[in-house]
Amino acid sequence: MNGYVSRSTSRRRFLGVVGTGVPVGVTGCLGGTGDDGNDDGDGEHQYATDVEHPGDEPLEFTGEYVCPVCNMIPADYPTWRCQLAHEDGQGALFDTPGCLFAYYAAPPTDAEITAAWVTDFESEALVDGFEASYVLVTDDAAVPEETMGINPRPFENREDAVAYLDEWDAEDLTEDDVVELTDVDREIAAIYRGNRLPDE
């Protein structure tokens with residue numbers, strides 16, 4: 001069974017168990033952060049976080065951390081969760097790689113992002129986000145129950161990412177649709193979280 005099928009199956013089981021709790025969780029994903037979407041009303045960047053992150057290794061995903069992009073709890077999404085660290089000792093944890101892309105494209109600080117970790121789409125292991133390759137899938141109709149709508153697919157090895165292109169039959173993708181984290185800009189981030197990006 002490939003990663004796509006097993007993830008979809010487990011997600012359906014999860015949604016069936018959670019039932020009415022899902023709309024409440026999704027509301028956090030879709031809601032705004034203020035009239036202009038830029039800040040929380042006091043001039044602070046909407047992705048601002050107070051997470052201390054040493055950056056030498058990933059933090060444990062616990063219920064205390066909230067995704068700065070959508071306000072969901074990363075610990076609740078073990079097949080998608082990811083995180084990054086800045087050189088100043090701050091960091092952020094995300095429920096999905098789509099949210100990580102938004103933050104990466106529009107960070108709340110000028111401090112360099114020095115480390116990142118993402119969950120490999122197939123193995124579900126936490127891997128180096130700067131070494132990973134990401135498949136830029138865009139057809140959200142193909143995965144209507146996916147967390148936050150749709151997400152790029154992180155793979156530890158580029159070869160696995162390229163192989164996934166044959167598995168994903170919802171749209172025609174090429175090796176040009178496989179990128180590294182350093183390629184992510186606002187245009188790419190907008191594919192996944194356009195409604196959550198701050199104004200330029």
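Tutor: A residue counts as buried under 20% relative accessible area and as exposed over 50%, with partly exposed in between. With those limits stated, R186 is partly exposed, because its relative accessible area is 24%. The model under discussion is a predicted one, and a search of the whole structure finds three salt bridges.

R186 belongs to one of these salt bridges, in which its side chain meets that of E200 at 3.7 Å, N to O. The pair links distant parts of the chain, as R186 lies in helix α5 (186-193) and E200 in the segment after α5, 14 residues apart. E200 is exposed, with a relative accessible area of 84%.

Another salt bridge joins E175 and R158, whose closest N and O atoms are 3.6 Å apart. R158 lies in helix α4 (158-167), while E175 lies in the loop between α4 and β8 (178-179), so this pair ties together parts that are 17 residues apart in sequence. E175 has a relative accessible area of 44% and is therefore partly exposed. R158 is also partly exposed, with a relative accessible area of 35%.

There remains the salt bridge between E146 and R153, where the closest N and O atoms are 2.7 Å apart. Here both E146 and R153 are buried.

To return to the request: E146 and R153 are both buried, E175 is partly exposed, R158 is partly exposed, R186 is partly exposed, and E200 is exposed.

Terms used:
Residues numbered from 1 in each chain as written. Predicted model: local features only at pLDDT ≥ 70, side-chain atom pairs only at ≥ 80, totals over all residues. Heavy atoms only, no water. Salt bridge = Lys/Arg side-chain N within 4 Å of Asp/Glu carboxyl O. Buried < 20%, exposed > 50% of the residue type's maximum accessible area, 1.4 Å probe, protein only. Helix = DSSP H or I, 4+ residues; strand = E, 2+ residues; numbered from the N terminus.
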